[in-house]
Amino acid sequence: MLHVGVIRALREAQLPISCIAGTSGGSIVAAITASGADTAHMEEIAAGLSWRKLARIKLSRLGFVSSSPIEQFIEKVLPGVHFEHLQIPCAVTATDLMSGKAAAFTRGPVARAIRASCSIPQIYLPVQIDGRPYVDGGLAQYLPVETVRQLGGQFTIAVHLGPACEAYQPPENLLQLIMQVTNMVAKQNTKDSMARADVVIHPNVDDYSSFDFRNTTELIDLGYETARAQVPRIEQAWRRANRPWRRLLIRNR
C-alpha cells in the first residue's frame, strides 16, 4: 500500500522507471508497476486486499499458513503473465533455503516468484520452484539494490519500509515474535543495501502493523507524501551523479 503511494509520487514528478525490483510485499507492486498498470488501478487493487485473499491455514511441520492464495491473487491481477511479458525489466527476490542466498527471478511465471518472495518463514510454507525451496526474500536481500544493479540500474531509489525506531517491544503473540525475528535478520543485510542506493525513501511505519489492511488510504497517502517530499533530493542527487538513467527499487508493504 505504501509503495503504491510512492509510485504515484514518482509518476507525478515524471521520474521515469527504467527497471524495478521488489522483495516480499514490494514484489507485488514491482510486478504490477512493470506491467504498465496505472496508479488508479493499483490503488483499487490495494483497497481490495485482505488477509483472506493472501493466506490459507494449512498445518505443516514447516509452517501453518499456505501462500497459495498470494499466487492466485496475482494470477487474477496479472493472468498468465511471465517476466518476459512485462513492459519494464523487473526482478523479484526470494531466499534460497538450500544456499541461504538471495535469488532474483527475472524469467518464468511472475505469480509463483512473488509467492516465494512473500513467504515469511514459520508463517508461510516454503515455495518450491524448479525443485528448490524458497522463502521471503528479506532474509537475504531486504532492499534489492544489488538486484536492481544487476538489471542495469545505475541510479537507484530504495524504498525502505522497516521500522524507523531501532528499539523493539516485547512480542505479545506468535505472529509478532516471528515478524520481529525476521526483521532482526533482515536488518543485517539492509544497511549494506542502503549504502549502495543513491536515495533512500523511508516512511515512518511504526504506528502500523505489517498486516494492516484497514488503513489503506492512510498508508497510500503516507507513501505518497514521504516520496513527494524526497523528489527535490532525488533530482539533486541525479544531477550530481550525472548519469543518464534513473532506476526505481521498491520493497515490502
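View 1. The face of α3 turned away from its buried side carries A40, E44 and A47, which are exposed (exposed means over 50% relative accessible area, buried under 20%, and partly exposed in between, with a 1.4 Å probe and protein chains only). This is a predicted model, in which local features need pLDDT of at least 70 and side-chain atom pairs count only at pLDDT 80 or more, while totals for chains, interfaces and linings use all residues. Residues are numbered from 1 along each chain as its sequence is written, and side-chain values use heavy atoms, with hydrogens and water left out. Helix α3 spans residues 39–47, and its buried residues are T39, M42, I45 and A46; helices here are DSSP runs of H or I with at least four residues, and strands are runs of E with at least two, numbered from the N terminus. Seen down the axis of α3, these buried residues fall within an arc of 115°, so they line one face of the helix, the arc being that of the directions from the helix axis to the C-beta atoms.

**View 2. The surroundings and the start of α3.** The buried residues of α3 pack against α1 (2–12), α2 (25–34), α5 (68–77) and α10 (216–241), where contact means heavy atoms within 4.5 Å. At the start of α3, a side-chain oxygen of D38 comes to within 3.3 Å of the backbone nitrogen of A40.

**View 3. The nonpolar cores.** The largest nonpolar core has 63 residues, and those with the most contacts inside it are F83, F105, V110, I114, I123 and I234; such a core is a set of buried Ala, Val, Leu, Ile, Met, Phe, Trp, Tyr and Cys residues joined through side-chain atoms within 4.5 Å. A second, separate core of seven residues includes Y142, L143, V145 and A197.

View 4. F105 and Y134 form an edge-to-face aromatic pair, 5.2 Å centre to centre with 75° between the planes; rings of Phe, Tyr and Trp (its six-membered ring) pair if their centres lie within 6.5 Å, and planes under 30 degrees apart count as stacked, over 60 as edge-to-face and the rest as tilted. The pair links distant parts of the chain, with F105 in strand β5 (residues 102–105) and Y134 in strand β7 (residues 132–136), 29 residues apart. Both F105 and Y134 are buried.

View 5. The structure holds zero disulfides, a disulfide being a pair of cysteine sulfur atoms within 2.5 Å. For C19, the nearest cysteine sulfur is that of C90, 9.4 Å away. C19 is buried, with a relative accessible area of 2%, and C90 is buried, with a relative accessible area of 5%.

Definitions and conventions
A polar contact is a pair of N or O atoms within 3.5 Å; within protein, one must be able to donate a hydrogen and the other to accept it, and residues adjacent in sequence count only if both atoms are side-chain atoms.
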